[in-house]
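Open the model in your viewer and keep the selection panel at hand. The tour visits each chain in turn, then the place where they meet.

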Amino acid sequence: MHIRKIGKTTVMVARKAIVEVDKVQGTQFPPEIQFEGSSYSLHSIYLDAGVDLDVRPDNDLIPDMAGPDNVYSDSELHNLMTSNRNPLIKKPKKTMSAYMVIVGGVYQTNGVLGIMFDSMERTGCAIFYGHSMIQSDPRAFLRTAAHELGHEFNLHHEDGTTFQESSVTKFTIMNQTWLITPWPQAIGYRFGDHEKIHLSHHNKKNVRPGGSPFYDCNAEHSQWHGGIT
Amino acid sequence: MGKEEYLIGEPAVAYLDLINKGNEPIEVIDQLDPSFGVVKIHINSDKEVLFRPYIIADAVAHTTILKAGEKVSGTAKIFFGGEGWTFKKPGNYTVKATYKGIISIPKMEIKSNIVDVHIRGPSGKAERDQVNLIKGEEQGLFLLMEGGDHLKKGIKNLVKLSKQYHDSDLAGYADLALGVNLSRNFKDFQKGSVRPANPQESVEHLQKTIDKDVDDWYKREAYFTLADVYKKHDLGNATQVMNEFVENFSEDQKLQRSVQKAKKIISESNSK
């Protein structure tokens, strides 16, 4: 644990992590945004939870093969993720290392903003830039990126909580998107107490991608799910 | 479930119905695939475990208003998930689902009935060989995603199953996944190119599935994909395929939504 100063704010950093971010040509990397007078980025959201996240844009030249239908199937996404990950960045035994790819099309099922593949390694996540909400609303893009990455670090929808701010109920990062009403006022660009405890204090084996199966953690974490293990 | 008994390694599908048993209309999320997290599947053998879908999807909600007595249906491929094959050994299992997606009461959880499933072991050398050919990790993933040219080891074993044990029911599942994969283009990022569909080979595989005693959902997949390939590539009579599907499944309560869809396709085709 060490202390890091970000602007005027001092934060406790419990862990370091890396996320390799690739993107298909014609898409963007997850943005930094201004929301209700504050700046947010993937790095700032995770730093607030005690994780110093090194966001490493890597391959931005993946050819766009979406074709006329603009649709990606599960098998194509699996192929994309397993073939583009940079082995120099993937060092699962030494550090918490995650993977994200921004694809140009949409998912095979309507309405999906992002997915994570839950193999034993929690292989990686994909954000669908072809979805109008991701492409036109940077708030949704950043939130979805932080959310999918949370899954790779073994966080689940049940870990999401709410908090009050300016008389509005805000939903933390791991809540499902459909719960966030009114949009965008109810977006909380931060992790809640449960999410923060997991990211910064639970056994690293259960947090890092490749460390343990999805949902495997400790009794405390299981209780947040009503006993689901 | 589609069947009460499955051979180990046989792809099992859970059929889900969400019924409004109240008197008032109610708005519900109709994304019943467990990937969306609204439905969770619990499987019990020695102890209850949560089925972990291989793919976790985050989506904007798609909702439906269910009037009193109405239902929304879905399916869940539960044979393979984040921890590999679900039914790892022969025995008796129970399966139940929970649902949390009522818009006005998002925290309310609804529990399904509990269904018994028997997983039987192989009988004899031939079945043991078939099970060994289907039960690898890559085969499971290929069957789940119904595609993936990069899963070479999985494809090799499924092709072997299809050829060597072409009369077996397990081969019917292999043929379905191989047929669906070949029915469409595949964006292969390892090769940096798009592999075009191979409609002729796809049709050969899909026709084999239709003749097997596979779970009805897989037959449904075979019929609809076959009709689609016929139509796209002008290889056969898609309407005839849909007619055959309706004829065979019009009494099947689990597939009523598909029967309606097939009738609509037939009707549209006849009106042209």
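A residue counts as buried if 20 or more other C-beta atoms lie within 10 Å of its own, as exposed if 12 or fewer do, and as partly exposed in between; C-beta atoms are placed from the backbone. This is a predicted model: local features need pLDDT of at least 70, side-chain atom pairs count only at pLDDT 80 or more, and totals for chains, interfaces and linings use all residues. Residues are numbered from 1 along each chain as its sequence is written, with chains lettered from A and ligands numbered from 1 in the order in which they are written.

**Stop 1: chain B**

Select chain B. Of its 272 residues, 43% count as buried. Switch to cartoon: chain B has eight helices and 15 strands. Both kinds of element are DSSP runs, numbered from the N terminus (helices: H or I, at least four residues; strands: E, at least two). The radius of gyration of chain B is 19 Å, close to the 19 Å from the globule rule for 272 residues, so chain B is as compact as a globular protein of that length. That radius is taken over C-alpha atoms, and the rule is 2.2 Å times the number of residues to the power 0.38. Along the principal axes, the C-alpha atoms of chain B fill a box of roughly 55 × 55 × 40 Å.

Now turn to contacts (C-beta atoms, placed from the backbone, within 7 Å). In chain B, 62% of the contacts with a separation of 6 or more are between residues 24 or more positions apart.

**Stop 2: chain A**

Select chain A. Look for seven helices and 13 strands. The radius of gyration of chain A is 17 Å, close to the 17 Å that the globule rule gives for 229 residues, so chain A is as compact as a globular protein of that length. The C-alpha trace of chain A spans about 45 × 40 × 40 Å along its principal axes. Of the 229 residues of chain A, 48% count as buried.

**Stop 3: the interface**

Show both chains. Here 29 residues of chain B are in contact with 38 residues of chain A. On the side of chain B that touches chain A, β6 (55-59) and β14 (186-188) of chain B each supply at least two residues. The largest share, five residues, comes from β6(B).

**Stop 4: the strand pair**

Finish on A:G114, whose bridge partner in β6(B) is B:D58.

Methods. Two residues are in contact if their C-beta atoms, placed from the backbone, lie within 7 Å. Two strands pair if DSSP finds at least two bridges between them.
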